[in-house]
Amino acid sequence: MNNTFEDMQKTTKDNMDAAVKAMGTFTKNAQTISTEAADYAKKSYEANAAHLEKLFAVKTLDKAIELNTEFAKTAYEGFVAQATKMSNIYADLTKEAMKPVEAAFAKAKTAVAK
């Protein structure tokens, strides 16, 4: 009986350790995500401001359309690249955060099988 109680305590401690590690990983990656989002927003704002300056300097409609077309293409490509980068960061976050939890489940499964 006493051995079972000690096993439960150890399993509970292992599960808490896994949860703490997972939260630490989540926090670290959340900071990375926040930094990436802020950097992208800053670059996007700067690109929009520069585009507006160029647009106000244009004297013909043809040149304005050409400028807007180039800007739209560049902005779209930048957005797709950033979305891909953020997607990869989220995927890495999930993989890293689940490692301690997977290890705890594996330990529990082994303990139950005994």
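Visitor: Let me start with one side chain: does Glu53 count as buried or exposed?

Guide: Glu53 counts as exposed, because its relative accessibility is 62%. The scale calls a residue buried under 20% relative accessible area, exposed over 50% and partly exposed in between, with a 1.4 Å probe and protein chains only. Before we go on, this is a predicted model, in which local features need pLDDT of at least 70 and side-chain atom pairs count only at pLDDT 80 or more, while totals for chains, interfaces and linings use all residues. Residues are numbered from 1 along each chain as its sequence is written, and side-chain values use heavy atoms, with hydrogens and water left out.

Visitor: Thanks! In which helix does Glu53 lie?

Guide: Glu53 lies in helix H1, which covers residues 2-57. Helices here are DSSP runs (H or I, at least four residues), as are strands (E, at least two), and both are numbered from the N terminus. Follow the chain 14 residues along from Glu53 and you come to Leu67, with 11 Å between the two C-alpha atoms.

Visitor: How many helices and strands does the chain have?

Guide: The chain has two helices and zero strands. Its radius of gyration is 25 Å, well over the 13 Å that the globule rule gives for 114 residues, so the chain is more spread out than a compact globule. That radius is taken over C-alpha atoms, and the rule is 2.2 Å times the number of residues to the power 0.38. Along the principal axes, the C-alpha atoms fill a box of roughly 90 × 20 × 10 Å.

Visitor: What share of the residues is buried?

Guide: Buried residues come to 15% of the 114 in the chain. One of the residues in helix H2 is Gln82, and Gln82 is buried, with a relative accessible area of 14%.

Visitor: Which residues does Gln82 touch?

Guide: A contact means heavy atoms within 4.5 Å. Leaving aside residues up to four places away in sequence, Gln82 touches Glu36 and Tyr40. Across the chain, of the contacts with a separation of 6 or more, 75% are between residues 24 or more positions apart.

Visitor: Now for charges: how many salt bridges are there?

Guide: The rule asks for a side-chain nitrogen of Lys or Arg within 4 Å of a carboxyl oxygen of Asp or Glu. By this rule there are four salt bridges. One of them joins Glu96 to Lys28, with the closest N and O atoms 3.5 Å apart. This pair links distant parts of the chain, as Glu96 is in helix H2 (residues 61-113) and Lys28 is in helix H1, 68 residues apart. Glu96 is partly exposed at 29% relative accessibility, and Lys28 is partly exposed at 46%.

Visitor: Which salt bridge does Asp17 form?

Guide: Asp17 pairs with Lys13, where the closest N and O atoms are 2.9 Å apart. Both lie in helix H1, four residues apart, about one turn of the helix. Asp17 counts as partly exposed at 33% relative accessibility, whereas Lys13 counts as exposed at 51%.

Visitor: What separates Lys63 and Glu66 in helix H2?

Guide: About one helical turn, because they are three residues apart in that helix. Their side chains meet in a salt bridge of 3.8 Å, N to O. Lys63 is partly exposed, with a relative accessible area of 40%, and Glu66 is partly exposed at 41%.
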